[in-house]
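Please read this report alongside the sequence and the model.

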Amino acid sequence: MSTQRQVAPFIIWLTVGLAGLTSAAVAQQSAVVQQSDGQHPLAPSDTSSPQATLNSFVSACNDLHDLIRDGTLALEARTDVLPTTERILDCLDLSELPRELRETAGIESALFIKEVLDRIELPADDEIPATPPADAPAEPPPSSWRIPHTRLTIARVGQGPRANEYLFSPETVRRAVEFYRIARPLPYRTEGRRVSQGLYEAYVAATKKKPTIAADTSSPRGTLTRFLNSCNEFYEAVQKERFFHRANPELVPLADRVVSCLDTSQLPEYARDYFAAEAAVCLKEVLDRIPLPLPEEIPGVESLEGTAGAEPFTRWQVPGTQITISRMQDGPRRGEFLFSAETVSQAPQFYERFLSRPYRTEGREVSEGFYEWWLSSPAHPLVAEWVAALPDWSRRRILGAAIWQWFGLLLMIPLALATMALVSRIGRSRGEQTRGRGLLRYWLTLLFPIVAMLIPLGFKYFVGTYLSLRGDAHYVTNFCADLIFLLAVMALILGGSSRVAETTIALRRSPSSGLDANVIRIICRVLGIVAAAVVFLEGGRYLGFPITTLIASAGIGGLALALSAQNVIKGMFGTLTILLDRPYRVGDRIIACGHDGIVEEIGLRTTRIRAFLTDHLVSLPNSEMAETQIENIGRRKHIRRMTDLHIPLDTPRENVASAVAIIRAALENHEGLDPEFPPRVYFNEFNPDSFNIRIICWYSPPQLWDYYAFCEKINMEIFAAFEDQGVQFSLPVRQTYWKHDDEQGPLEISLVDRQHRSGRDGPKEVATSSTPATNSGNGNPGNGNPGGGHPV
C-alpha cells in the first residue's frame, strides 16, 4: 500500500507532463499553420506582377523571421505547409546557378536582398506595376521594374517553365552580397512595410552554420565552387558526344557559366572566347591535380564581412600554386571575385608545370583527360564521323594539331589567298573601267572588295567549325585571318572614298576634269586615309595591341617617317600650293620640266602628264611643279607664228619687195584671223649671207592640227608665188676644213669664185679668211688632198 502511494504521484506528474508537451506541440503546429495566412498548403508565392512578387517575397521573409524568433524553424519542415524558404526562392530567378546549389546560394542571396529592402524606402503598392483588372484595356506587360534608387530589378521571365512570371533578376541575385555590403551601414527603416531586423544573422545562428557552398562570385569560395561544379557538369555532358557543337542549347549555358568565373579583360578580342576556353580547361586540369582546401578554409562571404573596418579583402591564392582569385575593382563586374587576368593569361603555362602530376584521388570530383578532349574534339557532327573513319595515323598530333587538320589547313590557305587575290584584281580592273561611265556601275564594283573582305571570315569559320584547330596553330591562323580582314576593310574604305568623291562631283555637276573635282577627290582621299588609320588603330586594339602603344608607336613612327619622308611632305605642300594657285588643271596642255603633255591627274604627291606625241605617262613631283616655270599651252587664246624667210644676197631689190608683197597678200584676211592681231610682214634685217623677211601672224581658235593645216596652205601659196616671180630661197652654206699636221697656228685660206655668171667677166675673189686650224689627228688619207684642207 505504501509503495502504491509513492508511485501514484509520479504517474500523475508524468501524465500531466506528457499532456503539456502534446498541447505545446499542437499549439506550435497550429501557430505554424496560422502563419500561412490561410493560403493553400502547397500554394507557391504569387509572382504574377512586380507588386505581387515584392509583397510575396517580403511576406515570406517576415514569416521566416517569425519562425526563427519563435524557435519553430525546425518544426516547420514537419508540417504540411510549403516551407517558407521555398516560398522565398519562388521569387528569385536562379537560372544561372547549378541545380544542386540553388537552395544554399539562393537563400543566402534572398537574405541579403531582404536586408537591403529593410534599409531603404519602398514605394507604396499603387506605385508598383500590378496585374491589371479584367475590364481594363489591354496593354503590353512591362518587361522589368527596378526598385527606385537601387539596382534591384524584378524582371519578366521570357521562356522556360516559369515564363511570364516576375522574379528578382539573375543579376540582382548574383550581386546581392555586393548590394548588402553597400547598404549595411544604413539604419533599418522605421516606417512603411514590416522590417525583419537582423534576419541574416538570426538565420545563421538558427541553422548553426553559414552557407559554405554558395556558387556565386561574391567570394573566392563561391567562385571556386561555381567554376569546379560547372566544369564537372560540362565535362559530364560532353562525354556523351564525340564532338562539341557550339550551337548546342544545353552545353552553351554551361560553357558560359565556366567562362563567367574568369577575368578576360586582358585577352585579345579577336580570339577572346577561344583564349578563355583554353584558360578554363587548363585551370581545371591544374586544380584536378592538387589537393584543394576544405570549403571552410576558403574565404567566403562571412570572411569578407569579418574584415569590416580593416583593409578590404581583395585576393586569395590557391595554396601551392600561383592561381589567384581577385576582386574586380572596376568595370561592369565590380566587386565580384574572379580568376585574375594574370592567372587567365598564364593558365597554359601553369598546366605545363603540373602536367606530370597525377590526378587527385580524393576530395572534389575531377575531369580526367579534359584538356586532351578539348584539343582533339571536332566541332561538327559530320567532321566527327569523317575523322572516325580515318586511319589512326591521321589522328596523330604534330606541333599541336592532328595530321588530318594540317592537311585541311594546307589545302585551305592557298585556296583562300588565291580566291581573295583574284577577286581583288577583278575588282580593281572593273573599277578602273567603269570609273566615269556611270555611278551605279562604279558603286557595284565595290562588291568585289566586299567579297574579298569576307573571305578571311569564311576561312576562320571553316577552320574553327570543321578543322577544330587548337593551340598555336589556331592562334596563328586566327591572327593572320583577322589581320588580312583588317587590311581588306582599310582597302574597302579607300575604295569607298573614291566613289564618294565621284558621287559628290556628279551631284555638284562639276566638270570631272575641273580643279574643283580634283579638290573633292583629294579631300575624300584624305578623309579615307584618316578613316583607314582609325580602323587600323581600333583593329590593332582588337588584335591585342593596346591603343596607347599603337598611338605612341604611331607618334614615334610618325616622327621618324617625317624625317625620312621629307620629300613626300614637301610634295604634299606643293600639292596645296598648286590647288590654291591653280597654274593648270586636268586636261590642260603644259610644258614643265622639259615635258610637253596633257595633265591627266593632280594627285597628293605627283602630277601625271600624258606626253603629247609619244603618249608616255610622266609623273612629276608636285614639289617641283610648284617651283618650276610652267607654260600652260592649253589656256592660250591663239597660236602665234613667227618665222624668218631668207633671200640670197644677190637678189635684186625689186625681187625683195615683190617677195614682201607676196607674203602680205597671202596673209591678208587669212583663216583664223583675229582682228585685234593682224599679220605683220617686214624686211627687217641684212644677214651676213641673206636678206631677212620676218613673218608674224596669229591663228585662233588655238586648235593645233587646224593651225598646222593653215601653215601648210600658206607655205604652199608663198612657194608657188616665189617660183612665179623668180625669187629664190637662201640656203645656209657650211664649210669645214681639216688640218693634216700637228702644228698649231693660224691657217690662211683664200676662196676664189671661178664660176662665170651671165653679165659678169673674169674670176672674182669671194672671201679671204685667216683662222686658227683645229687639230683633228692625222687627217683623212682617203680624201685625195693630203697636202691641204679639203672642203666637205
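Two strands are said to pair if DSSP finds at least two bridges between them, and helices (H or I, at least four residues) and strands (E, at least two) are DSSP runs, numbered from the N terminus. The model is a predicted one, in which local features need pLDDT of at least 70 and side-chain atom pairs count only at pLDDT 80 or more, while totals for chains, interfaces and linings use all residues. Residues are numbered from 1 along each chain as its sequence is written, and side-chain values use heavy atoms, with hydrogens and water left out.

**Strand pairing**

An open sheet is formed by three strands in the order S14-S16-S15, with antiparallel pairing. Strand S14 (639-648) and strand S15 (680-686) each have a single partner strand and stand at the edges, so one side of each lacks a neighbour in the sheet. From one strand to the next the twist averages 20 degrees, where axes are lines fitted to C-alpha atoms, for helices over the stretch in contact, and angles run from 0 to 180 degrees between N-to-C directions. Helix H26 (residues 704-725) packs on this sheet and touches S14 and S16, its direction making about 20 degrees with that of S14; contact here means heavy atoms within 4.5 Å.

| Strands | Sense and bridges | Facing residues |
|---|---|---|
| S2 and S3 (residues 166-168) | antiparallel, three bridges | Ala-155 and Leu-167 |

**Lys-284**

Lys-284 lies in helix H11 (residues 272-287) and counts as buried because its relative accessibility is 0%, buried meaning under 20% relative accessible area (1.4 Å probe, protein chains only). Its side chain makes a polar contact with the side chain of Ser-367 at 3.1 Å; such a contact is a pair of N or O atoms within 3.5 Å, and within protein one must be able to donate a hydrogen and the other to accept it, while residues adjacent in sequence count only if both atoms are side-chain atoms. Leaving aside residues up to four places away in sequence, Lys-284 touches several residues, among them Phe-227, Cys-231, Glu-365 and Phe-370.

Definitions and conventions
Buried < 20%, exposed > 50% of the residue type's maximum accessible area, 1.4 Å probe, protein only.
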